[in-house]
Amino acid sequence: MKKLYGEQRRQILLEKLKTAEEPLTGGELAAFANVSRQVIVGDMTLLKAKNEPIIATSQGYLYMNSQANQEISRTIACHHQAEDTERELKVLVATGVTVKDVSVEHPVYGELTAGIHVSNSEEVDAFMQRVRETGASYLLELTGGTHLHTITAPNVAMLEQAIAAMRENGFLLEENE
């Protein structure tokens, strides 16, 4: 494909994101548009600045369509050590919820939030593999294990089931006080 330029490229990338059924990585979008991954990062920033509902996840970029906006969300307070992260995420997705993000309260920067966007065991595996490959630290390491997750589901019953599973596994902050 020939190299795409400027606003035309961003509009084509936006349409590609809107029709994608799974996240698209910066590398995939760069190859598609015949530009560098860094150009894609800039394009995504410009599209977000125009209020396009694009989010960056560990699996790639997602366009948040109206179907995702119909889901119910809840923020849960959690506490565990870094080595329990994979088990915590798998407990959550096993109930059918999506783990949207993780947040911590930093003493200098205030609230820090990072997108996770995992909905099944395979996505958790891919997320964990990426953490291992990059050597990235978990946000919970900044707060001794205390953190928040935003979880989403199509109905309240699924959210309640996820919270019950977290409580049963000792991951809810109330269980560790």
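Predicted model: local features only at pLDDT ≥ 70, side-chain atom pairs only at ≥ 80, totals over all residues.
Colleague: What follows H2?

Modeller: Asn-34 does, and its phi is positive, near 60°.

Colleague: Now Leu-13. Where is it, and is it buried or exposed?

Modeller: Leu-13 belongs to helix H1. Its relative accessibility is 0%, so Leu-13 counts as buried.

Colleague: What is Leu-13 in contact with, leaving aside neighbours within four places in sequence?

Modeller: With those neighbours set aside, Leu-13 is in contact with Leu-29, Phe-32, Ala-33, Ile-40, Asp-43 and Met-44.

Colleague: What does Asp-43 touch?

Modeller: Not counting residues up to four places away in sequence, Asp-43 touches Arg-9, Arg-10 and Leu-13.

Colleague: So how do H1 and H3 pack?

Modeller: The angle is about 80° and the axes are 10 Å apart. H1 and H3 are therefore roughly perpendicular to each other. On the H1 side the contact is made by Arg-9, Arg-10, Leu-13, Leu-14 and Leu-17. H3 brings Val-39, Ile-40, Asp-43, Met-44, Leu-46 and Leu-47.

Colleague: What about Lys-2, buried or exposed?

Modeller: Lys-2 counts as exposed, with 65% relative accessibility. Its place is in the segment before H1.

Colleague: Which residues is Lys-2 in contact with, beyond its neighbours within four places in sequence?

Modeller: Ala-33 and Asn-34. That Asn-34 is the residue with the positive phi that follows H2. Lys-2 and Phe-32 are 9.2 Å apart, C-alpha to C-alpha, and 30 residues apart in sequence.

Colleague: Switching to the sheet. What's the strand order?

Modeller: The order is S3-S6-S4-S5, an open sheet of 4 strands with antiparallel pairing. Strand S3 (72-79) and strand S5 (110-118) stand at the edges with a single partner strand each, so one side of each is left without a neighbour in the sheet. From one strand to the next, the twist averages 25°.

Colleague: How enclosed is S4?

Modeller: Largely enclosed by the rest of the structure, because 7 of its 9 residues are buried.

Colleague: How many bridges join S4 to S6?

Modeller: There are 5 bridges between strand S4 (residues 98-106) and strand S6 (residues 146-153), and the two run antiparallel. Ser-103 has Leu-148 as its bridge partner in S6, while Asp-101 has Thr-150.

Colleague: And on the S5 side, how many?

Modeller: S4 and S5 pair over 7 bridges, again antiparallel. They form a hairpin with 3 residues between them. Val-104 stands opposite Leu-112 in S5.

Colleague: Which strands does helix H5 lie across?

Modeller: H5 (residues 85-94) lies across S3, S4, S5 and S6, and runs at about 25° to S6. Helix H7 (residues 156-168) packs on the sheet too, touching S3 and S6, and its direction makes about 5° with that of S3.

Colleague: Last one: how do H5 and H6 cross?

Modeller: Their axes come within 9 Å and cross at roughly 160°, where H6 is residues 121-134. That makes H5 roughly antiparallel to H6. The crossing is right-handed. Thr-85, Glu-86, Leu-89, Lys-90 and Val-93 make the contact from H5. The H6 residues in that contact include Val-124, Phe-127 and Met-128.

Note on methods. Residues numbered from 1 in each chain as written. Heavy atoms only, no water. Buried < 20%, exposed > 50% of the residue type's maximum accessible area, 1.4 Å probe, protein only. Contact = heavy atoms within 4.5 Å. Pairing = 2+ DSSP bridges. Axes fitted to C-alpha atoms, helices over the stretch in contact; angles between N-to-C directions. Parallel < 35°, antiparallel > 145°, perpendicular 65-115°, else oblique. Left-handed = near helix turned anticlockwise from the far one by under 90°.
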